[in-house]
Amino acid sequence: MRRVAVVTGASSGIGRALALELARDGYDVGLTARRVDRLESLAAAIRATGARAECVAADAARRDETHHAMRTLAERLGPIYLLVANAGIALGTDALEPDADALEAEFRVNLFGAFYAIEAVIPSMREHGAGHVVAMSSLAGYRGLPGAAGYCATKAALTRLIEGMRPDWALAGIRATIVHPGYVRSEMTDRNRFRMPFLMETEQAASLMVRAIRRRKKVCEFPRRMSLLVRCLVRYLPDRLLVTRVRADKQRARL
Ligand SMILES: NC(=O)c1ccc[n+]([C@@H]2O[C@H](COP(=O)([O-])OP(=O)(O)OC[C@H]3O[C@@H](n4cnc5c(N)ncnc54)[C@H](OP(=O)(O)O)[C@@H]3O)[C@@H](O)[C@H]2O)c1
């Protein structure tokens, strides 16, 4: 029997590619995001591969909508074995014109949105003594970056949140994988006007994630060279070097 996976933020980018790859890997797939037309066409593409697929529109920032989506998908497809908490936004942070609305919105989707989905699926995973939670964090969680301080903070918080819950989940038969991508081509990165080293295509990212899920890895980081760069260098760079880099990027973007 095929297991059921649910992917949040499945209407574009990494979530879309991952949903397709999970279907190819033998899962029936539940999809959520706000843009329902995108979800419906993805569900049709998944069904064409022979897997079952259902979609429910939900704003990840809304606890009630997220719970409703998880409940409905489980009713239509069966108990959720794999949750991929992927929905995310990056609004940018202007340190000189701080805006709490933007920071709250980022936390609401990137951290609380993931937690609302987790909160909705853990009871059934506990009951079955089996499940797998995948959280889409980022290499940006290793270091606060100028212009993206709020986003980095949400991803650092998400990584710590999952790390802290993982041991108790393991005792209940529930696995967890924290994903730390570098730059992956998507609607989110299409907006960036700066150079993105080692930019990866979504399909390649999805295939690496599915392999990590199959191997029940605790952490999945890619591209390897970007991961090394961030963990060994960027993390320890002095502030003045980061500021110089940001100024150069801004100048390049204006040209
Ligand atoms: N691309 C990268 O380089 C990169 C690197 C590290 C981590 N990530 C993370 O990967 C995840 C996917 O991002 P992506 O790069 O694939 O960008 P993307 O193409 O912009 O996808 C973002 C997804 O999140 C959904 N989403 C955003 N706000 C939502 C909300 N309020 N409610 C429900 N769904 C919402 C979007 O769907 P709707 O707009 O239809 O709601 C969309 O499906 C994010 O968590 C991002 O932080 C990306």
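Visitor: Where is the place of Pro223?
Guide: This is a predicted model, in which local features need pLDDT of at least 70 and side-chain atom pairs count only at pLDDT 80 or more, while totals for chains, interfaces and linings use all residues. Residues are numbered from 1 along each chain as its sequence is written, and side-chain values use heavy atoms, with hydrogens and water left out. Helices (H or I, at least four residues) and strands (E, at least two) are DSSP runs numbered from the N terminus. The place of Pro223 is in the loop between strand S7 (219-222) and helix H8 (224-232).

Visitor: What is omega for the peptide bond that joins Phe222 and Pro223?
Guide: Most peptide bonds are trans. Phe222 and Pro223 are joined by a cis bond, with omega about -15°.

Visitor: Is Phe198 buried, partly exposed or exposed?
Guide: Look for Phe198 in the loop between H6 and helix H7 (202-214). Phe198 is not a glycine, yet its phi is positive, about 55°. Buried means under 20% relative accessible area, exposed over 50%, and partly exposed in between (1.4 Å probe, protein chains only). Because its relative accessibility is 31%, Phe198 counts as partly exposed.

Visitor: And what is the relative accessibility of Arg216?
Guide: Arg216 sits in the loop between H7 and S7. Arg216 is not a glycine either, and has a positive phi of about 55°. Arg216 counts as partly exposed, because its relative accessibility is 43%.

Visitor: Which residues come nearest to the ligand?
Guide: A residue is near a molecule if one of its heavy atoms lies within 4 Å of it. There are 30 residues around the ligand, and those that come nearest are Arg34, Ala60, Tyr151, Val184 and Ser186.

Visitor: How many Å lie between an oxygen atom of the ligand and an N or O atom in the side chain of Tyr151?
Guide: A polar contact is a pair of N or O atoms within 3.5 Å; within protein, one must be able to donate a hydrogen and the other to accept it, and residues adjacent in sequence count only if both atoms are side-chain atoms. A nitrogen atom of the ligand lies 2.7 Å from a backbone N or O atom of Ala60, and a ligand oxygen is 2.7 Å from a polar backbone atom of Asn86. For the side chain of Tyr151 and a ligand oxygen, the distance is 2.6 Å.

Visitor: What percentage of the ligand's area does the protein bury?
Guide: Accessible areas come from the Shrake-Rupley method with a 1.4 Å probe; for residues, only the protein chains shown count as cover. Taken alone, the ligand exposes 870 Å², and the share buried by the protein is 95%.

Visitor: Which element gives the largest share of the shell around the ligand?
Guide: Helix H1 (13-24), helix H5 (149-171) and helix H6 (187-190) each give two or more residues to this shell. The largest share, three residues, comes from H6.
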